[in-house]
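Trainee: Could we go through this entry together? I would like to begin with a single residue and then turn to the sheet.
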Amino acid sequence: MMQLSVTISTSSSFPSFSPSQQPTQNPPPLPPTIERPKKSMHHTLRVNHPHHHHHHHVGPLHALKGTGFLSAIGQAIEEEEYRKARAEVNRKGFNLEGYSIEGVSIGGHETCVIVPELKSAFDIGRCPSRAVNQNFVFITHAHLDHIGGLPMYVATRGLYNLKPPTIFVPPCLKEDVEKLFDIHRTMSQVELNLDLVTLDVGETYEMRNNLVVRPFKTHHVIPSQGYVIYSVRKKLRKQYMHLNGKQIEKLKKSGVEITDTILSPEVAFTGDTMSDFFLDPRSADALRAKILITEATFLDEGCSIEHAREHGHTHLFEVCDMQEIIEHAQWIRNKAVLLTHFSPRYNIEDIRLAVSKLQLKVSAKVVALTEGFKSTYS
Ligand SMILES: [Zn+2]
Ligand SMILES: [Zn+2]
């Protein structure tokens, strides 16, 4: 056993908050330096937390309004505050079908799409602070722009004393992900607690009693899978619909199964995939989920469909073309489609234009996740 000669801080300056009380908020800002005692490992953990924009102290300046010079400063600060607040609101992503979806997805750089209502994050290329509050992470494949933030995510959950997260990976990644965490434990001498769940295509996992997840096959350059999250409800069987409450109660007591279990696909996330996914019968549930979150890495003539395929990605033209080919098949049945993973070569205006073209071809509402992309006008 290694002995580390580092001092232990016994005064806990750890933030006191319960994750269950604040499920939809950012983790509270930490003081710049935290010293946290560990039971089994004698060391000091220092963390610099960069997110402090919740704390702006403009209050005292308001009181000095009207004193000329100070008033001007006050106003400037207020404008700055306003600008920041606006940026914060704009950042918050989309309200789609009752889900508030947000995140970042820039092809090759980072992808993490967050659905707070499901306490879920899909992929975690880097670890955005909002991801830390999600209890479930679904990893589609091992490219770094999708998995790179995983150790940081687990470490940050530990730092906030949040319960160990449940992390889903394709079975082929299990061993390597375990090794990865072992290496980080050895290097950092920090407990990293997580519940690693391998889930294969065709398997079902109960996230909570009215929510299950199932992976589906996607088509990328390395092993990959997408995930569909279903809501579960019980429905009285047709043959018993005419009965009254007492009769139903009696049947139930006699041990007859009076309900059917209905799974409704709510949110599907593909991660990186070629357009083959759209034609695969096994994608049926993903294509009828309320919300489909998929990729369109390339979207203009500058990059060919062949180029997209070589890299295991989808070209937006393919989606448009396919819709014409299978017009009668009621193909994309999603209520909303969120496009992600655009190449960083594009700016917001390119993306919006291309997406509006797809919008003309499908009945689903099509939106693009453009967080982090540049505008031509900025
Ligand atoms: Zn990627
Ligand atoms: Zn990839």
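Trainee: Which residues does glutamate 117 touch, not counting residues up to four places away in sequence?
Mentor: Glutamate 117 touches Tyr99 and Ser100, where contact means that C-beta atoms, placed from the backbone, lie within 7 Å. This is a predicted model, in which local features need pLDDT of at least 70, side-chain atom pairs count only at pLDDT 80 or more, and totals for chains, interfaces and linings use all residues. Residues are numbered from 1 along each chain as its sequence is written, while chains are lettered from A and ligands numbered from 1 in the order in which they are written.

Trainee: Where does glutamate 117 lie?
Mentor: Glutamate 117 is in the loop between strand 3 (110-115) and strand 4 (120-122). Helices (H or I, at least four residues) and strands (E, at least two) are DSSP runs, numbered from the N terminus.

Trainee: Why is glutamate 117 called partly exposed?
Mentor: Because 13 other C-beta atoms lie within 10 Å of glutamate 117; a residue is buried with 20 or more other C-beta atoms within 10 Å of its own, exposed with 12 or fewer, and partly exposed in between, C-beta atoms being placed from the backbone.

Trainee: Now the sheet. What is the strand order?
Mentor: The order is 8-9-10-11-12-13-14 in an open sheet of 7 strands with mixed pairing; two strands pair if DSSP finds at least two bridges between them. Strand 8 (205-208) and strand 14 (365-368) are at the edges with a single partner strand each, so one side of each has no neighbour in the sheet.

Trainee: How many bridges join strand 10 to strand 9, and how many join strand 10 to strand 11?
Mentor: Strand 10 (residues 225-236) is joined to strand 9 (residues 211-217) by 7 bridges, antiparallel. Strand 10 and strand 11 (residues 259-269) also run antiparallel, with 10 bridges.

Trainee: What stands opposite valine 228?
Mentor: Arginine 214 stands opposite valine 228, and in strand 11 the bridge partner of valine 228 is alanine 268. Val228 is also among the residues with the most contacts inside the largest nonpolar core, which has 66 residues. Such a core is a set of buried Ala, Val, Leu, Ile, Met, Phe, Trp, Tyr and Cys residues joined through C-beta atoms within 7 Å.

Terms used. Two residues are in contact if their C-beta atoms, placed from the backbone, lie within 7 Å.
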